[in-house]
Amino acid sequence: MIPRPADRPWLHRFALLTALATFVLIGIGGLVTSKEAGMAVPDWPTSYGYNMFLLPISKWVGGIFFEHVHRLAASVVGMLTVALAVMIWRTDDRRWMRWLGAAAVLGVVLQGVLGGLRVVLLKDQIGIFHAALAQMFLVTVCAIALFTSKFWRALPAAGTAASDDAGVRRILLFCTVLIFGQLLLGATMRHQHAGLAIPDFPLAYHKVWPPTDAASLATYNQNRLGVVEYKPITAFQIVLQMIHRLMALVILTAVAFCAWSCRRRLGGRHFLAKLSLAWLGLILTQALLGAITIWSNKAADIATAHVVVGALSLVTGSLLTILSARVSIPVRAAALAKTGARSEPFVTVGPVVSSAK
Amino acid sequence: MVPVLAAGLQVASAGDITGTITLNGTPPPEQPNAQIAENADCGKMHTEPVTTHFYVVGANKGLADVVVTLKGGTAKSTGESAPPLVLDQKGCEYIPYIAAVQTNQKIVAKNSDPVMHNVHPTPTADGNKEQNKAQMPGGADVSFSFPTAEKFLRFKCDVHGWMYAYVTVVDSPYFAVSGKDGSFKIANVPPGKYTLEAQHRKASGGKPVTKEIEVKDSGAVVDVTLDAPAPK
């Protein structure tokens with residue numbers, strides 16, 4: 001029998017706390033870009049010349065509030081991550097888990113430095129990497145929370161049966177990678193600081209595909225008369241948003257197919273089927289939030305919710321992909337008949353509660 | 001929208017180019033600035049509602065904030081010896097909203113407000129450096145200069161997300177920004193043939209409207225008309 005890691009509920013709870021704090025941090029980060037406040041504190045690691053932790057509250061005004069709170073929250077996440085890694089190193093006998101904790105520390109340090117460099121080097125491009133690494137770090141700490149859970153320990157080892165179907169796993173992974181790509185597109189759009197490149201939806205400048213010639217761009221920019229004066233929009237930004245829209249459609253279709261596949265192969269009561277259905281719900285919510293972001297002229301709260309649900313969608317897909325590796329997925333009878341393999345009885349596989357320590 | 005250039009080209013006082021910029025059409029309504037009203041510090045600095053000021057149109061449809069420059073001639077920038085442009089932060093707004101300087105001319109940002117600001121120019125031309133400087137209430141002035149010509153170089157304050165100024169950097173001493181009545185004057189221009197360029201951030205699609213002119217010993221008068229966007 002494969003030995004199972006010991007039950008350490010406090011480690012799991014601490015990992016959950018770290019994941020939750022990271023999730024909140026990403027939300028605050030989204031608010032910083034939604035409010036165009038990323039450069040409101042021009043110095044780093046100091047804040048207006050003060051030690052970051054000693055900036056008087058009276059100076060937390062306007063955009064400074066959002067940027068400063070983001071820095072403080074990042075510090076909290078950094079400290080939580082270091083503590084989590086130490087706890088894992090001291091109490092978890094799985095070597096790969098120890099290195100995963102160390103990777104999380106490396107990630108959070110790199111993330112902090114990237115955030116600081118974005119401020120002092122005044123480079124929008126660094127902001128895109130900062131946003132991408134944030135998502136990867138969130139997935140890492142959520143995976144740690146999963147791996148330290150009782151639920152994970154209760155799962156059987158990965159199925160090695162001849163009738164195991166890796167197709168569902170592949171499409172779960174494919175959808176997750178698509179979502180990550182979509183988040184990169186979104187981060188690129190946000191860090192252009194050009195506001196809404198296309199102000200209407202579902203059409204784009206009243207057309208299926210908007211013209212991007214110089215005269216059209218001049219007209220679009222001429223008609224931008226908001227209080228927040230973003231940079232002028234370019235053809236690249238318009239095309240980027242169109243790709244983001246099309247990608248959303250592809251993801252919606254692919255995740256719906258995932259949910260259908262999981263249900264078909266594993267039955268509606270299997271936790272993977274339920275989770276993939278919830279994933280589809282998230283993607284639908286995310287698509288709706290994307291539309292409302294445009295209809296609300298990029299209201300900060302809506303745009304931030306779009307970032308948060310995007311992160312949640314990526315985490316869900318990542319955890320689904322990881323979990324699917326621990327589940328035997330039966331091949332359809334028709335496929336079995338074609339290959340001549342012996343069919344195994346259809347079993348709804350779920351967590352197996354074991355007393356083994 | 002084809003910009004309409006007024007036909008008038010008359011002789012005026014020696015060496016000066018004078019004229020009026022007129023807006024053809026009705027400008028779109030300005031947007032109320034709810035953000036400034038909701039800000040505890042900045043809102044109380046205003047007794048009247050604050051709006052955007054994309055189109056400042058005076059009597060007889062004179063259009064302010066149009067940058068008028070000359071192409072042609074051999075004159076080079078004298079920016080290093082020119083007096084600085086003062087960009088004030090007052091009532092949580094940049095004053096002036098639209099300005100012009102020569103290359104390497106000093107731009108001095110001052111903070112007349114009792115609140116913190118950051119002064120953040122975001123140039124796009126090669127050689128002009130993006131900077132971001134904090135400015136406390138009553139703090140020392142901060143200076144900038146830019147070596148490369150650039151139209152409407154944006155200054156912003158990230159503490160107050162509605163604060164913007166646009167400074168055009170010109171590689172020549174001959175330029176002007178139209179006043180509230182749309183009038184402008186470029187003084188002491190050597191006689192010769194030039195291309196006059198008038199550009200507003202929004203009118204006529206934000207594109208420059210040009211006119212070939214000849215400046216004589218007695219100067220020239222050039223009137224230019226820019227177009228408001230077509231009604232939606």
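Predicted model: local features only at pLDDT ≥ 70, side-chain atom pairs only at ≥ 80, totals over all residues.
Student: Where do I start with chain A, and how many helices and strands does the chain have?

Tutor: Begin with the secondary structure. Chain A comes to 11 helices and zero strands. Along the sequence, its pattern is accordingly written as α-α-α-α-α-α-α-α-α-α-α.

Student: What share of chain A counts as buried?

Tutor: Burial is judged by how many other C-beta atoms surround a residue, with 20 or more within 10 Å needed to be buried. Of the 357 residues in chain A, 36% count as buried. Helix 7, residues 214-222, supplies a case: A:L217, A:Y220 and A:Q222 are buried there. What covers the buried residues of helix 7 of chain A includes helix 8 (235-266) of that chain.

Student: How do I read the way two helices pack, say helix 1 and helix 4 of chain A?

Tutor: Look at the angle and the distance between their axes. Helix 1 (residues 9-34) and helix 4 (residues 124-147) of chain A pack at about 160 degrees, with axes 8 Å apart. Helix 1 of chain A is therefore roughly antiparallel to helix 4 of chain A, since angles over 145 degrees count that way. The crossing of these two helices of chain A is left-handed.

Student: Which residues of helix 1 and helix 4 of chain A meet?

Tutor: From helix 1 of chain A they include A:A15, A:A19, A:F23 and A:I26, and from helix 4 of chain A they include A:F137, A:L138, A:V141 and A:C142. The residues of this contact between helix 1 and helix 4 of chain A divide into 12 nonpolar, four polar and no charged.

Student: Which residues touch the most other members of the largest nonpolar core?

Tutor: A core is a set of buried nonpolar residues joined by contacts. The largest here has 120 residues, and A:L138, A:V141, A:C142, B:A165, B:V167 and B:L226 touch the most other members. Helix 4 of chain A gives the largest share of this core, 13 residues. Setting aside neighbours within four places in sequence, A:C142 is in contact with A:A19, A:V315 and A:L319. There is also a second, separate core of nine residues, which includes A:A194, A:I198, A:Y220 and A:I238.

Student: How many residues of chain B are in contact with chain A?

Tutor: An interface can be described by counting the residues on each side. Here 27 residues of chain B are in contact with 24 residues of chain A. On the chain B side, the elements giving two or more residues are strand 8 (117-122) and strand 9 (133-135). That side divides into nine nonpolar, 12 polar and six charged residues.

Student: Is B:S112 buried or exposed?

Tutor: B:S112 counts as exposed, because it has 11 C-beta neighbours inside 10 Å. B:S112 lies in the loop between strand 7 (107-111) and strand 8 of chain B. Not counting residues up to four places away in sequence, B:S112 touches B:D88, B:Q89 and B:K90.

Student: Where are the cis peptide bonds from A:W44 to A:P45 and from B:I95 to B:P96?

Tutor: A peptide bond is read from its omega angle. The bond from A:W44 to A:P45 is cis, with omega near 5 degrees, and A:P45 sits in the loop between helix 1 and helix 2 (62-91) of chain A. A cis bond also joins B:I95 and B:P96, with omega about 5 degrees. B:P96 is in the loop between strand 5 (93-95) and strand 6 (98-102) of chain B.

Technical notes
Residues numbered from 1 in each chain as written. Chains lettered and ligands numbered in written order. Buried ≥ 20, exposed ≤ 12 C-beta atoms within 10 Å, placed from the backbone. Helix = DSSP H or I, 4+ residues; strand = E, 2+ residues; numbered from the N terminus. Contact = placed C-beta atoms within 7 Å. Nonpolar A, V, L, I, M, F, W, Y, C, P; charged D, E, K, R; others polar. Axes fitted to C-alpha atoms, helices over the stretch in contact; angles between N-to-C directions. Parallel < 35°, antiparallel > 145°, perpendicular 65-115°, else oblique. Left-handed = near helix turned anticlockwise from the far one by under 90°. Core = buried A, V, L, I, M, F, W, Y, C linked by C-beta atoms within 7 Å.
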